[in-house]
Amino acid sequence: MDDTQIIQMDATQLSKAILSSEITSLEAVAVFIKHIHEVNPIINAVVEERFIEAIEEAKEYDNLLKNGQKLGPLHGVPISIKESLHVMGLKTTGGLEHRQDLIAIEDAAVVKKLKAAGAIILGKTNTPALCFCQETDNKLYGRTNNPWDISMSAGGSSGGEGALLAVGGAAVGIGSDVGGSIRFPAHFNGVIGFKPGKDQISTDGHFPSIQHELQARMLTIGPMGKSVQDMRLLYEILSNSNVHTQKLKDFKLEILPGNSGYPLSNETVDLLNQLEYFLEKSFPTKRMVPPYFKGSALIWQEIMSINGSKLVEDEAFNNDRSGVYTSFFKEKLTQRTSVHPYLSRAIIGAKMFKPSRKRVQEIITIIEQGDEMIETYLDNRLLIFPVYHETALPHGKVFKEIFSMRKTYLQFMPYVAYANVWGLPSLTIPIGESNNGLPISIQIMSKSGNEDAIFRLAKLIEKKYRGFKIAPMPNLK
């Protein structure tokens with residue numbers, strides 16, 4: 001088995017190969033480490049590595065296997081982890097310079113489960129500062145580039161994961177999502193990502209932690225990788241619930257109309273039309289706008305702006321008495337502050353959009369009513385949405401679209417905000433490419449408890465359409 005075959009393998013395939021002795025864990029780990037050394041100088045995805053430890057663990061796990069001991073379904077499989085999750089012995093910085101010496105003394109809850117399943121962690125991947133942006137750049141580690149075109153954004157906040165997995169830098173990875181943070185990078189980099197539903201996976205050990213109970217329903221941790229089967233495998237490892245078998249024929253499919261009133265590229269509209277034509281042959285399929293869709297982007301922004309993101313601001317300016325406004329304008333003039341302008345501008349926006357106490361109570365009422373209606377509505381339905389109005393855009397443009405003081409997030413966030421606000425599981429899968437070769441993905445959503453149906457439909461689409469393709473990285477040739 002050559003190196004190219006190994007880096008293209010997903011976690012399920014690699015696990016089978018290791019357990020059947022086609023390849024050792026040590027061989028697999030060594031191949032991925034070598035590959036990361038080759039690609040990372042170009043994409044800047046891995047910001048902290050534990051290669052020496054990974055090699056030692058691989059040797060140990062190979063010996064266990066020789067003695068008939070299997071740790072779990074990921075025995076000896078090399079994976080990557082988003083920087084925002086604590087990994088014992090590694091830093092959790094949030095991309096902030098003043099945190100660069102802080103070492104985690106305990107694993108995040110999901111990391112404990114992954115290690116118990118036999119996974120070997122290669123390293124941690126880049127995020128925007130405090131995960132507070134849909135583009136990945138910070139003052140400590142710099143910018144992550146999209147491997148399909150390094151002039152383009154890798155998305156965020158799990159942008160390092162998306163870029164690394166797109167080039168096969170790990171068998172599978174872990175991201176988190178409070179506002180499309182798994183789905184933006186999955187879409188932009190052409191990988192598969194699964195945002196679980198609310199309360200399905202522990203967020204203990206994620207930095208930053210949530211600031212309000214309404215934000216808790218929006219933040220989830222989930223897998224990113226190369227296949228739908230891996231998304232199911234990792235979800236079953238990480239979640240507290242069993243995925244019970246469902247019959248896809250019992251579900252209605254609803255695809256968001258291409259003219260729903262929000263921006264959408266012609267290429268994405270065409271792909272959605274093609275998908276509708278394919279699916280309606282086998283399932284009841286309609287073009288529909290689901291309940292509460294149109295107000296979700298506003299509610300998402302207001303929830304993210306509760307308390308004016310005070311805890312985020314306090315963490316960002318922990319050692320800086322100048323404050324957010326001075327920092328933002330000083331950065332504009334000198335580029336010499338310690339806080340990235342993406343973060344300071346996002347904090348300013350949160351202050352501007354901060355909901356009043358009365359409005360927070362209104363949101364709580366809307367959420368209670370909406371939860372009940374959507375729970376019933378999605379009982380036997382799967383929703384199909386775009387992820388973003390376009391493919392990956394040049395660095396900085398996504399930030400300008402979402403964080404404009406003109407509230408343009410109302411145009412550009414509805415597709416991803418819906419699953420966050422209503423706590424829905426959502427799987428992102430590439431179904432095509434633009435004329436310039438950039439991936440285009442869709443989301444499949446439903447309510448918690450319908451994960452099996454989501455995975456089943458995604459497998460059909462994966463087989464028929466593009467699915468995961470490894471990025472060619474022409475810069476290496």
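**Entry 1: Ile55**

I began with Ile55, which is partly exposed because its relative accessibility is 27%. My scale calls a residue buried under 20% relative accessible area, exposed over 50% and partly exposed in between, using a 1.4 Å probe and protein chains only. Ile55 sits in helix α4, residues 51-66. For such labels I take DSSP runs numbered from the N terminus: helices are H or I with at least four residues, strands are E with at least two. I then looked up its contacts, meaning heavy atoms within 4.5 Å. Not counting residues up to four places away in sequence, Ile55 touches Leu26, Val29 and Ile33. I also noted Pro78, 23 residues apart from Ile55 along the chain, with 9.9 Å between the C-alpha atoms.

A note to myself on the source: this is a predicted model, where local features need pLDDT of at least 70 and side-chain atom pairs count only at pLDDT 80 or more, while totals for chains, interfaces and linings use all residues. Residues are numbered from 1 along each chain as its sequence is written, and side-chain values use heavy atoms, with hydrogens and water left out.

**Entry 2: the largest pocket**

Next I went looking for open space. I used a 1 Å grid over the protein atoms alone, where a pocket is an open set of points with protein on both sides within 12 Å along at least five of seven lines, and lining residues have an atom within 4 Å of a point. The largest pocket holds about 230 Å³; that volume is the space filled by probe spheres set on the points, which are joined across faces, edges and corners. Its lining has 15 residues, and Thr4, Ile7, His35, Glu38 and Val167 lie nearest the centre. Which helix gives the most to this lining? I found that α3 does, with five residues. Both α1 (3-8) and α3 (25-43) supply at least two residues each. By class I listed nine nonpolar, three polar and three charged residues. Here Ala, Val, Leu, Ile, Met, Phe, Trp, Tyr, Cys and Pro count as nonpolar, Asp, Glu, Lys and Arg as charged, and the others, Gly among them, as polar.

I moved on to Thr12 in helix α2, residues 11-19. Thr12 is buried, at 15% relative accessibility. Its side chain makes a polar contact with the side chain of Asp230 at 2.5 Å. I count a polar contact as a pair of N or O atoms within 3.5 Å; within protein, one must be able to donate a hydrogen and the other to accept it, and residues adjacent in sequence count only if both atoms are side-chain atoms. Leaving aside neighbours within four places in sequence, Thr12 is in contact with Gln229, Asp230 and Leu233.

That took me to α9, residues 228-238, which is largely enclosed by the rest of the structure because eight of its 11 residues are buried. Among the buried ones are Asp230, Leu233 and Ile237. At the start of α9, a side-chain oxygen of Ser227 comes to within 3.1 Å of the backbone nitrogen of Asp230.

**Entry 3: the core**

Leu74 and Leu427 touch the most other members of its 154 residues. Helix α3 gives the most to this core, with nine residues. Beyond four places in sequence, the contacts of Leu74 include Leu114, Leu233, Leu234 and Ile237.

Is Gln443 buried or exposed? I found Gln443 buried, at 0% relative accessibility, in strand β13, residues 439-445. Its side chain makes a polar contact with the Arg183 side chain at 2.9 Å. Among its contacts beyond four places in sequence are Tyr415, Val416 and Leu427.

Tyr415 and Val416 are buried residues of α18. All eight residues of this helix (414-421) are buried, so α18 is largely enclosed by the rest of the structure. Gly423 follows α18 and has a positive phi, near 65°.

I noted a cis peptide bond between Gly156 and Ser157, with omega about 10°. Another cis bond runs from Phe207 to Pro208, where omega is near 0°.

Tyr292 has a positive phi, near 70°, and lies in the loop between β10 (285-287) and α11 (296-304). Lys407 also has a positive phi, near 60°, in the loop between α16 (397-402) and α17 (409-412). I logged Tyr292 as partly exposed at 29% and Lys407 as partly exposed at 40%.

Technical notes:
1 Å grid on protein atoms, 1.4 Å probe; cavity = no way out; pocket = protein on both sides within 12 Å on 5 of 7 lines; lining within 4 Å. Core = buried A, V, L, I, M, F, W, Y, C linked by side-chain atoms within 4.5 Å.
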